[in-house]
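Please read them with the structure open.

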Amino acid sequence: MRALSPDEVRTSFINATEPELARLELPWWFDATLWDSLDYLGWTDPQLPDRGYLVAETGWGLAGVTLRLPSVRPRGRHALCNLCCTQHRGEGAVLMVARRAGKAGLDHNTVGTYICADLACSLYLRGLRRATGGGRLPETLDPDARTRRLRHNVEVFLSRVAGPPSAAPGTPGRTTPSDDPTSTFHRWDTPAG
């Protein structure tokens, strides 16, 4: 991922209201970010533990979303992150929900998926962080293919939040999720018929 400025991050959010953007706090480690080890920028708000943020480069430009994390997290179960396919025990992967962009979001429509609770998918994928009681599942994909899958899955999730191309102004040529078989969202996003 390329290095981002604080202004680029703040202006990238597609589902945030003005008051939410005014309260947005960049992570304390933002200035020391190792951008070349990230596929997206993700963090949770230390003041609001049920709030997370995800910013990524997509085919239609930089896009960020605000996420809601559960206030009560189930314990004693395993969960799989749908972005990086890392298995976690306990609270390591949680259902994060993003309000849809535009009118759909104002009508309280949301999109959710299981994501690593610390939003550190890139670090798990590169072996820079280990999941407690879980970890990477055995697979035959090489590291580059896993990175492509993560980036694809992030873009698919962001496109689901953005909605149809007409729902997100300034996104000309944005496509719907592809039928890439490495996507963990493939079976839900492929139109029937």
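How many aromatic pairs does a search of the whole structure find?

1. Aromatic pairs. The search finds three; rings of Phe, Tyr and Trp (its six-membered ring) pair if their centres lie within 6.5 Å, and planes under 30 degrees apart count as stacked, over 60 as edge-to-face and the rest as tilted. One of the pairs is Phe30 with Trp35, which is edge-to-face, at 5.6 Å centre to centre and 80° between the planes. Both Phe30 and Trp35 are buried, where buried means under 20% relative accessible area, exposed over 50% and partly exposed in between (1.4 Å probe, protein chains only). Phe13, Trp43 and Tyr53 are linked into a cluster by ring pairs.

2. Basis and confidence. This is a predicted model, in which local features need pLDDT of at least 70 and side-chain atom pairs count only at pLDDT 80 or more, while totals for chains, interfaces and linings use all residues. Residues are numbered from 1 along each chain as its sequence is written, and side-chain values use heavy atoms, with hydrogens and water left out. The average pLDDT (the predictor's confidence in each residue, from 0 to 100) is 83 for the protein, and 83% of the residues score at least 70. Over residues 167–193 pLDDT stays under 50; the model has 35 contacts beyond four places in sequence for this stretch, contact meaning heavy atoms within 4.5 Å. Where pLDDT is low, the predicted coordinates should not be read in detail.

3. Overall make-up. The protein has six helices and eight strands; these are DSSP runs numbered from the N terminus, with helices (H or I) of at least four residues and strands (E) of at least two. Along the sequence the pattern is α-α-β-β-β-β-β-β-α-β-α-β-α-α. Of the 193 residues, 44% are buried. Among contacts between residues at least 6 apart in sequence, 60% join residues at least 24 apart. The protein exposes about 10300 Å², of which carbon and sulfur atoms supply 53%; the areas come from the Shrake-Rupley method with a 1.4 Å probe, and for residues only the protein chains shown count as cover.

4. Strand β2 and its partners. β1 (residues 41–44) pairs with β2 in the antiparallel sense over four bridges; two strands pair if DSSP finds at least two bridges between them. Thr44 has Gly52 of β2 as its bridge partner, and six residues lie between the two strands of this hairpin. On to β3, the antiparallel pairing of β2 runs over eight bridges, with Ala63 in β3 as the bridge partner of Ala56. The hairpin joining β2 to β3 passes through two residues. Seven of the eight residues of β2 are buried, so this strand is largely enclosed by the rest of the structure.

5. Arg51. This residue is found in strand β2. Is Arg51 buried or exposed? Arg51 counts as buried because its relative accessibility is 6%. Not counting residues up to four places away in sequence, Arg51 touches Glu20, Thr44, Asp45, Thr66, Leu67, Arg68 and Leu69.

6. The open sheet. Three strands make up an open sheet in the order β4-β5-β8, with antiparallel pairing. β4 (78–80) and β8 (135–136) stand at the edges with a single partner strand each, so one side of each is left without a neighbour in the sheet. β5 (residues 86–89) pairs with β8 over two bridges, and Thr86 has Arg136 of β8 as its bridge partner.

7. Nonpolar cores. A nonpolar core is a set of buried Ala, Val, Leu, Ile, Met, Phe, Trp, Tyr and Cys residues joined through side-chain atoms within 4.5 Å. The largest has 30 residues, of which Tyr40, Leu54, Leu83, Ile115, Cys121 and Phe157 touch the most other members. Two or more residues each come from β2 (51–58), β3 (61–68), β6 (93–99), β7 (110–116), α4 (121–125) and α5 (143–162). The largest share, five residues, is given by α5. Apart from this core lies another of 13 residues, among them Val9, Leu26, Leu38 and Tyr53.
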